[in-house]
Number of protein chains: 2
Amino acid sequence: MAAKRSGAGSKQSQRKTPSPPAGSEPRSEPALSLERIVATAIELLDTDGLDGLKMRRLADRLGAGAMSLYWHVGNKEQVFDLALDSVLEYRGPASIDASENWRGDVVHMLEDWRACMLRHPWSAFLLPRRALGPNILSRLELLSRTLSRAGVADADLNVAIWSLWNYVIGATTTRASFELSDADRAAAQQRLASLSEHYPTIERSRLLLDNDWDGAFSKGLDFLLDGLVPKL
Amino acid sequence: MAAKRSGAGSKQSQRKTPSPPAGSEPRSEPALSLERIVATAIELLDTDGLDGLKMRRLADRLGAGAMSLYWHVGNKEQVFDLALDSVLEYRGPASIDASENWRGDVVHMLEDWRACMLRHPWSAFLLPRRALGPNILSRLELLSRTLSRAGVADADLNVAIWSLWNYVIGATTTRASFELSDADRAAAQQRLASLSEHYPTIERSRLLLDNDWDGAFSKGLDFLLDGLVPKL
DNA sequence: AGTTTGCATCGTACAACGTACGAGTCAATC
DNA sequence: GATTGACTCGTACGTTGTACGATGCAAACT
């Protein structure tokens, strides 16, 4: 019987290694592996979005049969989970605990987080729906430590973390959804103009036409941090 | 030829009305209509989630053939859009512009917004992905006016609105995804415990075990408003 | 040597889905 | 009576995730 290694075991074969064609034929494809599957899935997601990832296409691009994937992965959902976590790794400044500039550290990590997700817009939609992977937990852990060191009271710590989490999630999902197509943008602009009498304040402030997403993110983040850590 | 009335025309038939069986047989089902379709879609979404809405099931429940829906709706996506906007209507205090308590008004509207979405958890996932419907635009318009009246500078207005938007979106999608199943919760708890050595601060603050979502939301909102409107 | 074992691949097949197409019904209009 | 247009729906197609079982193949064992 075959025992499906979709569990957390992950490590490659226990034998030596099935070894690629071992020096004989240059076999066009380098053999299936979890890493290759995830990497290719990310490529596919990047170019074709959430709906563009089909098990058959993924397998095709890997030079494998569709069902071969299921030896390495339990199901399609798991591909999503792995791709998501893979994209969220943080290589921050090494010795962040020694830093004196906690606010700079927080901002850096959060802006990097946002940048990661906007490089892979599908990830923004995935993150809030699924269990937290190791990389995102690491970011939260780092955030906890830094805020704690910055003087946020233990009683307020969770609220502060969730607030920042909410802010990042909201900002990235919103941004990612507006990025979709220029046609949509044009249509929205048109539609908004025709509704300007109903929404005068929105129209006047050009809320939906403002393109400075990056600036809005960091300014809003500043305000939020002001509220969370009032004493500067 | 039949001309599909899926456009914005929306209004019912131009003739008198096809009129229900007109007094003869009590025909078990009251005839298809956009309103009935949307209402039933919401029921289905509430009980079975985003993936539970299938055109065939929806039609079944309406006592109609699957393809009959497509006279009233262009496609499934449109059902989502209509259901979403339908769920977001706000009946706030009538004369809010006269209110002296702007902060109370903002908090009230945002907490109601959140409550609406958590009553229909699928809506949280839908909102950031789709074009803004009239009901959500109304909320944003109201928010704009109130903040403006509260003294937020025009230059900061958009940032403030987007910050609040981000906060609400993030909070509701996160909350909605945790609501899914008790089995998941138990599993997560288990997994977390086994990882406590890697994430000591998270573990210590019980970040992921804290169940006071409502309290966290309103406290975080307070902090955010503090930051947005520093002068009280 | 032959046999067994277990990792890994993949072809076939199926059920479920969204929806294109076109035929059908029936009341209002001409 | 004929025509029109709003509305309904049965059938059918293409696409999807994946269950099942056959197959290959290298290492381990006898």
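This is a predicted model: local features need pLDDT of at least 70, side-chain atom pairs count only at pLDDT 80 or more; totals for chains, interfaces and linings use all residues.
Good morning. I begin with one residue of chain B: Arg206(B) is found in the loop between α10 (200–205) and α11 of chain B. Arg206(B) has a positive phi of about 55°, although it is not a glycine. Most residues other than glycine have a negative phi. In chain A, Arg206(A) lies in the loop between α10 and α11 of that chain, and Arg206(A) also carries a positive phi, of about 55°, without being a glycine.

I turn next to the interface between the chains. In chain A, 51 residues are in contact with 51 residues of chain B. Between chain A and chain B, an area of about 4600 Å² is buried, and carbon and sulfur atoms give 63% of that area. Three residues, Arg129(A), Leu207(A) and Phe223(A), supply 14% of the area that chain A buries against chain B, which is more than any other three residues supply.

As for specific interactions, the count between chain A and chain B is 2 salt bridges. One of these joins Asp154(B) to Arg204(A), with the closest N and O atoms 3.6 Å apart.

Which elements give two or more residues to the side of chain A that touches chain B? They are α7 (134–149), α8 (154–178), α10 (200–205) and α11 (213–228) of chain A. Of the elements of chain A, α8(A) gives the most to that side, with 17 residues. By class, the residues on the side of chain A that touches chain B divide into 26 nonpolar, 14 polar and 11 charged.

Rolling a probe the size of a water molecule over the atoms shows where empty space is left. A search of the whole structure finds 5 cavities of 30 Å³ or more, and I shall describe two of them.

The largest cavity holds about 190 Å³ of space. Its lining consists of 18 residues, and those nearest the centre are Trp162(A), Asp212(B), Trp213(B), Ala216(B) and Phe217(B). The elements that give two or more residues to this lining are α8 of chain A, together with α8 (154–178) and α11 (213–228) of chain B. The lining of the largest cavity has 9 nonpolar, 4 polar and 5 charged residues.

How many residues line the second largest cavity, and which lie nearest its centre? There are 14 lining residues, and Trp213(A), Ala216(A), Phe217(A), Trp162(B) and Asn166(B) lie nearest the centre. The volume of the second largest cavity is about 160 Å³. Here the elements that give two or more residues to the lining are α8 and α11 of chain A, together with α8 of chain B. By class, the second largest cavity is lined by 7 nonpolar, 3 polar and 4 charged residues.

Thank you for your attention.

Notes
Residues are numbered from 1 along each chain as its sequence is written. Chains are lettered from A and ligands numbered from 1 in the order in which they are written. Side-chain values use heavy atoms; hydrogens and water are left out. Contact means heavy atoms within 4.5 Å. Buried area is the accessible area (1.4 Å probe) that two parts lose on being put together, summed over both. A salt bridge is a side-chain nitrogen of Lys or Arg within 4 Å of a carboxyl oxygen of Asp or Glu. Helices (H or I, at least four residues) and strands (E, at least two) are DSSP runs, numbered from the N terminus. Ala, Val, Leu, Ile, Met, Phe, Trp, Tyr, Cys and Pro count as nonpolar, Asp, Glu, Lys and Arg as charged, and the others, Gly among them, as polar. On a 1 Å grid over the protein atoms alone, a cavity is a set of points where a 1.4 Å probe fits but cannot get out, and a pocket is an open set with protein on both sides within 12 Å along at least five of seven lines; lining residues have an atom within 4 Å of a point. Grid points are joined across faces, edges and corners, and a volume is the space filled by probe spheres set on the points.
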